[in-house]
Amino acid sequence: MAAAVAALLLLAAALAGGDDSDWVRLPSKCEVCKYVAVELKSAFEETGRTKEVIDTKYGFLDGKGSAVKYTQSDIRLIEVTENICKRLLDYNLHKERSGSNRFAKGMSETFETLHNLVHKGVKVVMDIPYELWNETSAEVADLKKQCDVLVEEYEDVIEDWYRHHQTEDLSQFLCADHVLKGKDTSCLAEKWTGKKGDLASVGEKKSKKKSRKKKKGEKEESEGTASLPASGESREESGIQEEVPLTHSPADEL
């Protein structure tokens, strides 16, 4: 019962507002550019790990042309920019957060709590049907729509950064110096530090953790059994600390 009351209070605080105009607050241009830049940086980082080489002789009758690295090719630029706005549909609206941090990947704290209540058999009555809880919100749909317009309008700027300015921060180059020049850029400095138990923060960092774990796994595999204690050697003598069960409080389970 206490959990149900806490969740309802959380929902009330998250959804608190004045009139209906506060219910849907479409993303600002600053928010749109911020997350376009975030996803562009992420996409270029992902596609920059390959060592693939493209043979540009293909299609030339005289056989002229030369091999070019995929990471420096027009194909990479086109593939990234054509699909960048679709990535924004992975975001959700987190009404319990302030500013531009309301847009983030992963389920919001509010809906995570409500889903847990439903799974425990608690009847939750909302204006939004349960079947639509995980649907794309109006704000995220507009985020993607504005992204399509922005990428097309500033295509030359993105290409200029790709070819000549990759050492510069993309958020600064694209947003502060071009899209938002002379306008409010305060949202670019807003950072979400996260907190214990925030599943959305976990979701945002999942891809980074996967790549780190992969590298760590490869390293451990190469080391083989060298790190294991010798036969007959105690765990204490080998310097390996025995596992201790983690303690947790009821609050961590909410």
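**Figure 1. Three disulfides turn up when the whole structure is searched.** Keep in mind that this is a predicted model. A disulfide is a covalent bond between the sulfur atoms of two cysteines. Number the bonded cysteines in sequence order and the pairing reads 1-6, 2-5, 3-4. The next views take the links one by one.

**Figure 2. Here cysteine 30 meets cysteine 187 in a disulfide.** Their sulfur atoms sit 2.0 Å apart. The torsion about this S-S bond is about -105°, so the disulfide is left-handed. Cysteine 30 belongs to helix α2 (residues 29–47), while cysteine 187 is in the loop between α7 (170–179) and α8 (199–223), so the bond ties together parts 157 residues apart in sequence. Both cysteine 30 and cysteine 187 are buried.

**Figure 3. This close-up shows cysteine 33 joined to cysteine 175.** From S to S the distance is 2.1 Å. With -100° about the S-S bond, this link is left-handed. It connects distant parts of the chain, with cysteine 33 in helix α2 and cysteine 175 in helix α7, 142 residues apart. Are these two cysteines buried or exposed? Cysteine 33 is buried, and cysteine 175 is too.

Figure 4. About -80° is the torsion around the S-S bond of cysteine 85 and cysteine 147, so we call the disulfide left-handed. Distant parts of the chain are linked here: cysteine 85 sits in the loop between α3 (74–83) and β3 (91–93), and cysteine 147 in helix α5 (residues 138–153), 62 residues apart. Cysteine 85 and cysteine 147 are both buried.

Terms used. Residues numbered from 1 in each chain as written. Predicted model: local features only at pLDDT ≥ 70, side-chain atom pairs only at ≥ 80, totals over all residues. Heavy atoms only, no water. Disulfide = S-S within 2.5 Å. Helix = DSSP H or I, 4+ residues; strand = E, 2+ residues; numbered from the N terminus. Buried < 20%, exposed > 50% of the residue type's maximum accessible area, 1.4 Å probe, protein only.
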